[in-house]
Amino acid sequence: MAACPGPAGAGAVHGSCPSGFAFDSGLEIKTRSVEQTLLPLVSQITTLINHKDNTKKSDKTLQAIQRVGQAVNLAVGRFVKVGEAIANENRDLKEEISIACIEAKQAGETIAALTDVTNLNHPESDGQIMIFTDKTGVIKAARLLLSSVTKVLLLADRVVIKQIIASRNKVLATMERLEKVNSFQEFVQIFSQFGNEMVEFAHLTGDRQNDLKDEKKKAKMAAARAVLEKCTMMLLTASKTCLRHPNCESAHKNKEGVFDRMKVALDKVVEIVTDCKPNGESDISSISIFTGIKEFKMNIEAVRENPYFQSKENLSATLEVILERTEDFTDSAYTSHEHRERILELSTQARMELQQFVSVWIQAQSNKTKSIAEELELMVLKISHSLNELKKELHSTAMQLAADLLKYHADHMVLKALKLTGVEGNLEALAEYACKLSEQKEQLVETCRLLRHVSGTEPLEITCIHAEETFQVTGQQIISAAETLTLHPSSKIAKENLDVFCEAWESQISDMSTLLREINDVFEGRRGEKYGYLSLPKPVKNNANLKSLKLDKPDSEEQAKIAKLGLKLGLLTSDADCEIEKWEDQENEIVQYGRNMSRMAYSLYLFTRREGPLKTSQDLIHHLEVFAAEGLKLTSSVQAFSKQLKDDDKLMLLLEINKLIPLCHQLQAVTKASLQNKVFLKVDKCITKARSMMALLVHLLSLCYRLLKKLQMENNRWVSVTNKDAVDVKT
């Protein structure tokens, strides 16, 4: 469904509406499926309307016409049912949707009646009969049908927008509570609610992203959702660090940075779905060099066709704007001397050739001879060639700079040094490495700006802007997280927090490699090629012991499904970490196995984003086998613990263990099952099983913690009573 402007308060696609109406597979999916049923019939209705008058049709043809009419009516009936359900759950739009549904129903019934052979009372002639004569009635009904269906879809779109905004508002309200929380127990409770709300919001915006027709909006939505997904993990550790070290200024600065970025991303989503900017702002951004060159070439092509198309001043001003932007390359300290000289040379050449073009153009306006026309044609070709050469040079400069930078920082030595410095509590070394990271950040930010100029498409430009903003913000957050750890070198949560921000930086570096490949593909004309879903493993090559795996190309629904599963898995690891944090004895076997499973599940989450240590299908399968084994070890430890409990508590705990054991065995069975070229299905099953195991792990950790506390209280009471008895005996 196309994105349509909606009112200022509008949201949803998947899940429940604010009023409580649950859509099985999402409002947009339902209306889209009915829409897809109706669209093929539009051409058949058009065929009915456009038939030649006085044309005789056989019985067989008329039966086919009747079937079309009935099919239209049935499809309209299904569409109306969905529309009525939406109307019943949205009182503010109920009247409008109901009227449109009634009109659609009437139109469908009219078309069915007018195409019904049994209603035709025309005499047969030579085995043939005349087609229906009420052509005007069918035309009116078809117009009414298309008009009413369009109304319902537009109104349903407003409901979708309304639900997304309602979901966004819930997330913001919970975030405000998280910002003010003072106790760890309260934080755990609110963050659990926040995680569920973020999953719901991810569902809604993910479905919306798939339905957007505008590639630019789709790229903006993807960027905003990526920020929210990564920041959800950062929010957990940054908030925990603040709670553990409430008087640490750098910890508060770190946390505030995450909250601010999430709020901006949430606002960005609303801007995209409502198609408007706050306070009437317009989306003004400097045009990239490649876009400017494309427009300039179109203008000189138009001059060739029509010498009076525009003024020479406009052409000169347009070229000057393009060449002025090349200063981003020539002024950069990271551009090599050879590239700088070549860019300046090509810029000068373009100016000279434009002057020659203008001179010939002026002659062509007054002297329309064949020789002048040929000379003008030659000048158009020359200036186009010069600009193409300039494009090549700019592309080569940006790509080489980016590739060298990524290669140089591939080992992440500065991040490793910052972690070590923090653990050692070395403030002098912190200042040194923070300065180095700032330099690296400025290099990456400038490289992203240059890449934006040569990206070639608006969606890739948006991806470059997103990368630039991510490096700018994350670089500062890493420094504040490292400062917190340096001030509190023994703090486990401060160390974990720094790790999370460093992982975000490494993840963006990895995304840069993908971005470079996509920009290069556009430049070389391979824009139409589609990549498989990045979350899935690539085929294994050149290994005699491993079979080559053919990767299915998943459709948009499959991609959305994997993304949702991965996000849920990531949030469950956060819930597990919160439960583990409660335990005083961090060396407890249950805690150790739970922590191992949480870390492994987080690696699975990273795999769904094509990040982290898991690179291939074989990596994933081995990882899942170990994950299942850790699950079985956990159940053994929990069983051993249950022997210390009373019968009722023991039974309650064993019931939960008996849910986890079969899941572990099922996951082992799935990993050993034959792939049969269905990698996506196997990944989907594995992550689904892992998610179920993590949900049980969170519940088990919480239950074991409560039972352990209960056991300790009973033991303390028994010891207290025993000591009292001993004192009484002595007395």
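**Close-up views of a predicted model**

**View 1. Lining of the second largest pocket.** The residues lining the second largest pocket comprise 11 nonpolar, 13 polar and 16 charged ones. Here Ala, Val, Leu, Ile, Met, Phe, Trp, Tyr, Cys and Pro count as nonpolar, Asp, Glu, Lys and Arg as charged, and the others, Gly among them, as polar. The model is predicted: local features need pLDDT of at least 70 and side-chain atom pairs count only at pLDDT 80 or more, while totals for chains, interfaces and linings use all residues. Residues are numbered from 1 along each chain as its sequence is written, and side-chain values use heavy atoms, with hydrogens and water left out. A pocket is an open set of points on a 1 Å grid over the protein atoms alone, where a 1.4 Å probe fits, with protein on both sides within 12 Å along at least five of seven lines; lining residues have an atom within 4 Å of a point. Of the 40 lining residues, Glu496, Asp499, Val500, Glu503 and Arg599 lie nearest the centre of this pocket. Helix 16 (492–523) is one of the helices that each supply at least two lining residues, and helix 16 gives the most, with 12 residues. Helices are DSSP runs (H or I, at least four residues) numbered from the N terminus.

**View 2. Helix 13 against helix 16.** Helix 13 (residues 413–424) packs on helix 16 at an angle of about 175°, with the axes 11 Å apart. The two helices are therefore roughly antiparallel, a term for angles over 145 degrees. Axes are lines fitted to C-alpha atoms over the stretch in contact, and angles run from 0 to 180 degrees between N-to-C directions. Contact means heavy atoms within 4.5 Å. Leu415, Leu418, Lys419 and Val423 of helix 13 meet Lys495, Leu498, Asp499, Cys502, Trp505 and Glu506 of helix 16. This contact has 6 nonpolar, no polar and 4 charged residues.

View 3. The whole structure holds 8 aromatic pairs, in which ring centres of Phe, Tyr or Trp (its six-membered ring) lie within 6.5 Å. Phe357 and Trp361 form a tilted pair, 6.1 Å centre to centre with 35° between the planes.

How values were computed:
Phe/Tyr/Trp six-rings, centres within 6.5 Å; stacked < 30°, edge-to-face > 60°. Parallel < 35°, antiparallel > 145°, perpendicular 65-115°, else oblique.
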